[in-house]
Amino acid sequence: MIVFVTGSDTGVGKTVLATVWVRYLRSQGRRVAGLKPLASGGRADARLLWRAADRVLPLDQVNPWWFRPPLAPAAAARQAGVDLDMSAVARHVQQIAGQFDWVVVEGAGGLLSPLGPGFDNRDLLIALQAVPIVVVPNRLGAVNQSRLVAEALDRPGVPLPWWVFMNPPRPHPATRTHADLLAPYLPAERIHLFPWLGDFPGLLNRGLPRKAETILERLTRSLETQLGRPPDSGKKGR
Ligand SMILES: Nc1ncnc2c1ncn2[C@@H]1O[C@H](COP(=O)(O)OP(=O)(O)OP(=O)(O)O)[C@@H](O)[C@H]1O
Ligand SMILES: [Mg+2]
């Protein structure tokens, strides 16, 4: 299955979630790859995903398209004279998906950030028929941001999204009001609150805190149930 980790903005915790999820799935014996198909501003995210999956794929397959300037990939590619083609990106991800139980794709920027000529993260996830996982920082403004993303995803061809609210290091009083305010718009069971991981990415070498593992376990089970796969369908040995 292909899950697409997107967000309400850039810098919200997509890499944190995608990386620890890949790590968790691997620890559970699932055959999993993490991909950052398009990256700009360097390759740091791709390297983390590559390491999280114990380098099961070469870095150039984890991240075939990358650009140094810290611009939206569409702009960075244009500067580099590269003509990005969405169907080539989708074909690459699908080809990898054929080899794994799970492929965790990290998008670039926020949901509607342009990736290439005429396509953005939403177009790519629709082309992939991927389940959207939306990361939203759990701070003042989260209700507005998640409602905007929910509206943007409410269209034909988009599977129902799951939501991961990234708790800040210190809880803000606003976060306690979010569940009530969001109840009319997002199903409570599709929202997961993810803890702040003090020393990310250092903890990748030591193991996840129990609280984070519990959330990842729930998210994994929810998706496997949604897509009709038994929770014990993972295979060891990859
Ligand atoms: N739950 C968390 N625990 C610890 N650090 C976090 C958490 N969420 C976000 N961060 C920190 O916030 C910063 C941004 O997170 P991250 O790089 O995952 O965002 P992103 O959405 O992937 O950004 P980009 O759009 O650049 O890909 C990082 O420094 C990261 O370590
Ligand atoms: Mg990232």
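Student: Between which helices is the loop with Arg-55 found?
Tutor: Heads-up: this is a predicted model, where local features need pLDDT of at least 70, side-chain atom pairs count only at pLDDT 80 or more, and totals for chains, interfaces and linings use all residues. Residues are numbered from 1 along each chain as written, chains are lettered from A and ligands numbered from 1 in written order, and side-chain values use heavy atoms, leaving out hydrogens and water. Helices (H or I, at least four residues) and strands (E, at least two) are DSSP runs numbered from the N terminus, and the loop with Arg-55 sits between H2 and H3.

Student: What phi does Arg-55 have?
Tutor: Asp-54, in the loop between H2 and helix H3 (59–62), has a positive phi near 55 degrees without being a glycine. Arg-55 is not a glycine either, and its phi is positive, at about 55 degrees.

Student: Is Asp-54 buried, partly exposed or exposed?
Tutor: Buried is under 20% relative accessible area, exposed over 50% and partly exposed in between (1.4 Å probe, protein chains only). Asp-54 comes out at 40% relative accessibility, so call it partly exposed.

Student: Which residues coordinate the magnesium ion (ligand 2)?
Tutor: Donors are N, O and S atoms within 2.8 Å of the metal (3.2 Å for Na, K and Ca), with water not among the atoms, so sites may look incomplete. Along the chain, the donors of this magnesium ion follow T-x29-D-x60-E. At 2.0 to 2.2 Å, the coordinating atoms belong to Thr-15 (OG1), Asp-45 (OD) and Glu-106 (OE).

Student: How many residues apart in sequence are the parts that Asp-45 and Glu-106 tie together?
Tutor: Asp-45 is partly exposed at 24% relative accessibility, while Glu-106 is buried at 2% relative accessible area. Asp-45 belongs to helix H2 (residues 44–52) and Glu-106 to strand S5 (residues 102–106), so the pair links parts whose separation in sequence is 61 residues.

Student: Which residue in S9 stands opposite Ile-133?
Tutor: Strand S8 (residues 131–137) pairs with strand S9 (residues 162–166) in the parallel sense, over 5 bridges. The S9 residue opposite Ile-133 is Trp-162.

Student: What is the omega of the peptide bond from Phe-200 to Pro-201?
Tutor: Pro-201 is in the loop between S10 and helix H9 (210–226). The bond from Phe-200 to Pro-201 is cis, and its omega is near 5 degrees.

Methods: Two strands pair if DSSP finds at least two bridges between them.
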